[in-house]
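Please look at the sequence and the model below before reading on.

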Amino acid sequence: MRMNKYLKIFLFLFGIGLISGIGVYLYVFHKPHRNIAKEKSAFQVTAIQLLDEFSSDETATYAKYGNQVLEVSGNVADVSKSEGVLSIVLEDASMGVTCAFDSIYVTGNSDLLKNISTGTSVKLKGQCDGYDMIMGVVLTRCVLVE
Amino acid sequence: MKKLVFLGLMLASGIFSYSQKYITKEGVIDIHSETSLFTIEASNKKVASVLDASNGNIVASTLVRSFKFKEALVEEHFNENYMESHKFPNAVFKGKIDNWTTVNIKNDGTYSVDISGQLTLHGQARDVKEKGELVVKSGVISASTVFNVSLQNFKIEVEKSYRDRINDDIKLMVKFNYSAM
């Protein structure tokens with residue numbers, strides 16, 4: 001009877017250890033990537049406003065928008081596809097707001113994305129990676145809002 | 001007068017065809033780090049580069065946050081602890097192809113090239129020199145090279161307890177498909 005009690009305690013502790021071990025393992029190796037579609041956007045801006053802010057003060061603007069989810073609206077100036085990634089550039093084809101939709105999103109949402117072409121206006125959400133001297137503002141993990 | 005204008009146009013067109021620039025905004029850089037315990041792989045498919053065909057000068061740039069990892073937690077550590085992308089969001093290479101005179105972009109072919117220049121990562125600029133390959137095919141110039149980067153050299157600190165999992169020598173596998181600007 002006594003043994004049984006110790007055994008129970010042992011099994012209880014062993015169980016807790018096992019569950020937390022699995023938890024840590026899952027956290028480290030299977031922590032999901034941020035889900036931009038579900039995450040609420042930190043800022044809602046137009047592509048023109050975003051470009052203006054970055055070109056007037058890059059450091060301060062990156063501190064404000066860097067790694068944040070932004071909801072951006074603008075006119076499509078360029079569309080291209082490479083390595084499964086769909087890129088659209090808003091407002092200025094040579095130095096605008098570049099938005100990349102990753103290959104998993106592209107294959108799952110081809111019906112939504114097929115209507116995007118130069119001249120159409122879009123609203124999308126994406127992670128702001130910063131300001132590049134050749135590409136302009138770069139957003140990745142983009143999802144289409146409308 | 002007409003002759004002069006004609007001459008001017010000839011000269012101008014000569015200059016334009018000479019200062020031909022090639023560009024990509026969809027270059028790829030893959031990161032590879034391997035130790036016996038842990039392999040780390042990431043891919044950045046938003047790398048931009050301009051190749052000046054008049055002299056072989058190259059500029060390439062990307063954002064550190066655009067490197068995507070398989071494991072979300074590794075991506076977080078890469079940005080927050082190692083690259084400190086909140087302080088140093090950009091990665092830039094400025095350099096040239098040393099043996100540019102041996103490359104004839106008007107002819108299809110494969111050329112091995114020597115690349116040298118300055119790589120800026122983590123706010124640190126370092127001279128680099130690597131071998132690469134250019135494949136010219138119907139107006140598209142495909143460039144590939146591997147940059148071997150030492151983390152210590154760029155002042156990227158790896159905690160003692162992680163040194164058996166993160167190799168100090170990281171490979172940056174670069175692939176650009178340039179087309180005329």
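In this predicted model, D129(A) is buried, with a relative accessible area of 0%. The residue takes part in a salt bridge with K68(B), in which the closest N and O atoms are 3.9 Å apart. K68(B) lies in strand β4 (residues 68-69) of chain B and D129(A) in strand β5 (residues 121-132) of chain A, so the pair joins two chains.

E75(B) and R141(A) form a salt bridge through their side chains, at 3.0 Å from N to O. E75(B) lies in helix α2 of chain B and R141(A) in strand β6 (residues 136-144) of chain A, so this pair also joins two chains. E75(B) has a relative accessibility of 7% and counts as buried. R141(A) counts as buried too, at 13% relative accessibility.

**The interface**

How many salt bridges does the rule find across the interface of chain B and chain A? There are two. The size of an interface is often given as the accessible area lost when the parts come together. Between chain B and chain A, the buried area is about 2400 Å², and carbon and sulfur atoms give 59% of it. Chain B brings 31 residues to the contact, and chain A brings 31 residues.

**Salt bridges within chain B**

Over all chains, a search of the whole structure finds eleven salt bridges. One that lies within chain B is formed by the side chains of K131(B) and D114(B), at 2.6 Å from N to O. K131(B) lies in strand β7 (residues 124-137) and D114(B) in strand β6 (residues 109-121), so the pair ties together parts that are 17 residues apart in sequence. K131(B) is exposed, at 61% relative accessibility, while D114(B) is partly exposed, with a relative accessible area of 26%. Elsewhere, K96(B), D98(B) and K129(B) are linked in a network of salt bridges.

| Pair | N to O distance |
|---|---|
| K68(B) and D129(A) | 3.9 Å |
| E75(B) and R141(A) | 3.0 Å |
| K131(B) and D114(B) | 2.6 Å |

**Chain B**

Chain B contains two helices and nine strands. Along the sequence, these elements follow the pattern α-β-β-β-β-α-β-β-β-β-β. Chain B has 181 residues, and 46% of them are buried. Of the contacts in chain B with a separation of 6 or more, 58% are between residues 24 or more positions apart. The accessible surface of chain B is about 10000 Å², with 56% belonging to carbon and sulfur atoms.

Helix α2 of chain B covers residues 72-82, and its buried residues are A72(B), L73(B), V74(B), E75(B), F78(B), N79(B) and Y82(B).

After α2(B) comes E84(B), which has a positive phi, near 45°. E84(B) is in the loop between α2 and β5 (90-97) of chain B. Leaving aside residues up to four places away in sequence, E84(B) touches F78(B), N79(B) and H122(B). The C-alpha atoms of E84(B) and V136(B) are separated by 37 Å, with the two residues 52 apart along the chain.

**Chain A**

Chain A has five helices and six strands. From the N terminus on, their order is α-β-α-α-β-β-β-α-α-β-β. The radius of gyration of chain A is 23 Å, well over the 15 Å that the globule rule gives for 146 residues, so chain A is more spread out than a compact globule. Taken along the principal axes, the C-alpha atoms of chain A fill a box of roughly 80 × 35 × 25 Å.

In chain A, 38% of the 146 residues count as buried. Among its contacts between residues at least 6 apart in sequence, 58% join residues at least 24 apart. The accessible surface of chain A is about 8300 Å², of which carbon and sulfur atoms hold 61%.

Which residues form a nonpolar patch on the surface? They are L7(A), F10(A), L11(A), F14(A), L18(A), I22(A), Y25(A) and L26(A), and together they have about 830 Å² of accessible area. Y25(A), a member of this patch, is found in helix α1 (residues 2-30) of chain A. Y25(A) is partly exposed, with a relative accessible area of 44%.

How values were computed: Residues are numbered from 1 along each chain as its sequence is written. Chains are lettered from A and ligands numbered from 1 in the order in which they are written. This is a predicted model: local features need pLDDT of at least 70, side-chain atom pairs count only at pLDDT 80 or more; totals for chains, interfaces and linings use all residues. Side-chain values use heavy atoms; hydrogens and water are left out. Buried means under 20% relative accessible area, exposed over 50%, partly exposed in between (1.4 Å probe, protein chains only). Helices (H or I, at least four residues) and strands (E, at least two) are DSSP runs, numbered from the N terminus. Contact means heavy atoms within 4.5 Å. Accessible areas come from the Shrake-Rupley method with a 1.4 Å probe; for residues, only the protein chains shown count as cover. Patches are made of residues with over 30% relative accessible area and no salt bridge: like charges are joined within 9 Å, nonpolar side chains (Val, Leu, Ile, Met, Phe, Trp, Tyr) within 5 Å. A salt bridge is a side-chain nitrogen of Lys or Arg within 4 Å of a carboxyl oxygen of Asp or Glu. The radius of gyration is taken over C-alpha atoms; the globule rule is 2.2 Å times the number of residues to the power 0.38. Buried area is the accessible area (1.4 Å probe) that two parts lose on being put together, summed over both.
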